[in-house]
Amino acid sequence: MSIPFVTLNNGILMPQLGVGLYAPKQQDEVKQSVLDALDLGIRLIDSAAIYGNEQEVGQGIVESAIKRSELFVTSKVWMDDMGYDSTLRAFDKTLSDLGLEYLDLYLIHWPKETARKETWKALETLYEQKLCRSIGVSNYYRKHLEELFLHANICPAVNQFELSPFCYMPEELAFNQENDIQVEGYAPLVRGWKKEDVVLNEIAAKYGKSTYQLLVRWNLELGAVTIPKSVKRERIQENMEVFDFSISAEDMQQLGQLFDNTRVAWDPRDF
Ligand SMILES: NC(=O)c1ccc[n+]([C@@H]2O[C@H](COP(=O)([O-])OP(=O)(O)OC[C@H]3O[C@@H](n4cnc5c(N)ncnc54)[C@H](OP(=O)(O)O)[C@@H]3O)[C@@H](O)[C@H]2O)c1
């Protein structure tokens, strides 16, 4: 089944399902996992300088021989590189490591307070120079977005933040949707930490799906783009088999009550 697209606020199309590439203990499997994901039909790649594997990701892209225009490649500027000039330098390194001439989406990875304003200015420059087809933020909650709106010339196209039933803050999702910012949920699988959860298992069984598939579908039902990570071909495939069912309103309601603030990353409220 083909993966649908969402339309970003600048008119460009983004696949609604991609693959995450944070794999600190599996760096030697990253190139092959990119090849597998692309072979299976994934076109959205979620990379970041801090993941330390952009060269491997780039090799996978080149070897796949898929036309560049078919891909949607994302990267992110890490906190140490934030600031106007340093962001432009970090972007150059990312492009060169990936072996690309432009990115589809470049994000501020975390809203480090002292540098986020200048960093956004740098992303606007990259966008105006057509080196990024879209720009956005990550781990921005409402307070960060409201601050950004005061100085930004360009509205972020995407906000990537942690999104699973266990880390679900509906007001944050709604605020992005009201402002025409596409939400991209990361760690949709909660890294497998919740695979024994009784409610997840009961609901997944009802649809004849795994808990992993249920969690991916849950993100899609909310209108989010989602980027489950696996370096294993069969799991990438499993995580893609989510377009042949939908979760009922009643089950969405039940899943939406599982919030316990389980997070794989920091809480943006602390930034
Ligand atoms: N912007 C940010 O600050 C931020 C923060 C965190 C993550 N991210 C992005 O979001 C992506 C996804 O998040 P994540 O990697 O933290 O966690 P995740 O996608 O929730 O979970 C990944 C883990 O689940 C395992 N897994 C995947 N599919 C599975 C399946 N079908 N059955 C059993 N196990 C499965 C993977 O193992 P194997 O790989 O060994 O299969 C891996 O250990 C990241 O890779 C990264 O691109 C962004």
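Which residues does Met14 touch, not counting residues up to four places away in sequence? I started my notebook with that one, and I found Pro4, Phe5, Val6, Leu8, Leu44, Phe72, Leu105, Val158, Glu184 and Val225. Contact here means heavy atoms within 4.5 Å.

**Ground rules**

I am working on a predicted model, where local features need pLDDT of at least 70, side-chain atom pairs count only at pLDDT 80 or more, and totals for chains, interfaces and linings use all residues. Residues are numbered from 1 along each chain as its sequence is written, and side-chain values use heavy atoms, with hydrogens and water left out.

**Cores**

I looked up the nonpolar cores next. By nonpolar core I mean a set of buried Ala, Val, Leu, Ile, Met, Phe, Trp, Tyr and Cys residues joined through side-chain atoms within 4.5 Å. Buried is under 20% relative accessible area, exposed is over 50%, and partly exposed is in between, with a 1.4 Å probe and protein chains only. The largest core has 53 residues, and Met14 and Tyr106 have the most contacts inside it. A second, separate core holds 36 residues, among them Val19, Tyr141, Leu163 and Ile203. A friendly reminder to myself: in soluble globular proteins, nonpolar side chains tend to be buried together.

**Sheet**

I took helices (H or I, at least four residues) and strands (E, at least two) as DSSP runs, numbered from the N terminus. Two strands pair if DSSP finds at least two bridges between them.

I then zoomed in on E5. Strand E4 (residues 44-46) runs parallel to strand E5 (residues 72-77), and three bridges join them. Leu44 has Phe72 in E5 as its bridge partner, and both of these residues touch Met14. E5 also pairs with E6 in the parallel sense, over four bridges. There, Ser75 stands opposite Tyr106 in E6.

**Ala90**

Ala90 is found in helix H3 (residues 84-98), and it is buried, with a relative accessible area of 12%. Leaving aside neighbours within four places in sequence, Ala90 is in contact with Val77, Asp81 and Tyr106. The C-alpha atoms of Ala90 and Val77 are separated by 6.6 Å, although the two are 13 residues apart along the chain.

**Asn159**

A polar atom of the Asn159 side chain lies 2.7 Å from the backbone oxygen of Tyr140. Beyond four places in sequence, Asn159 touches residues including Val137, Ser138, Asn176 and Glu184.

**Helix H8**

Why do I call helix H8 (residues 211-221) largely enclosed by the rest of the structure? I do so because nine of its eleven residues are buried; among them are Leu214, Arg217 and Trp218. What covers the buried residues of H8 includes strand E9 (182-186), helix H7 (198-206), E10, helix H9 (233-240) and helix H10 (249-255). Gly223 follows H8, with a positive phi near 90°.

**Positive phi outside glycine**

I found Ala65 with a positive phi of about 60°. Ala65 lies in the loop between helix H2 (54-64) and E5, and is exposed at 66% relative accessible area. Lys130 also has a positive phi, near 60°. Lys130 sits in the loop between helix H4 (116-128) and strand E7 (135-138), and is exposed at 69%.

**Cysteines**

How many disulfides does a search of the whole structure find? I got zero, taking a disulfide as a pair of cysteine sulfur atoms within 2.5 Å. The closest cysteine sulfur to that of Cys155 is in Cys132, 16 Å away, too far for a bond. Cys155 is partly exposed at 32%, whereas Cys167 is buried at 1%.

Conventions:
Polar contact = N/O pair within 3.5 Å; in protein donor to acceptor, adjacent residues only side chain to side chain.
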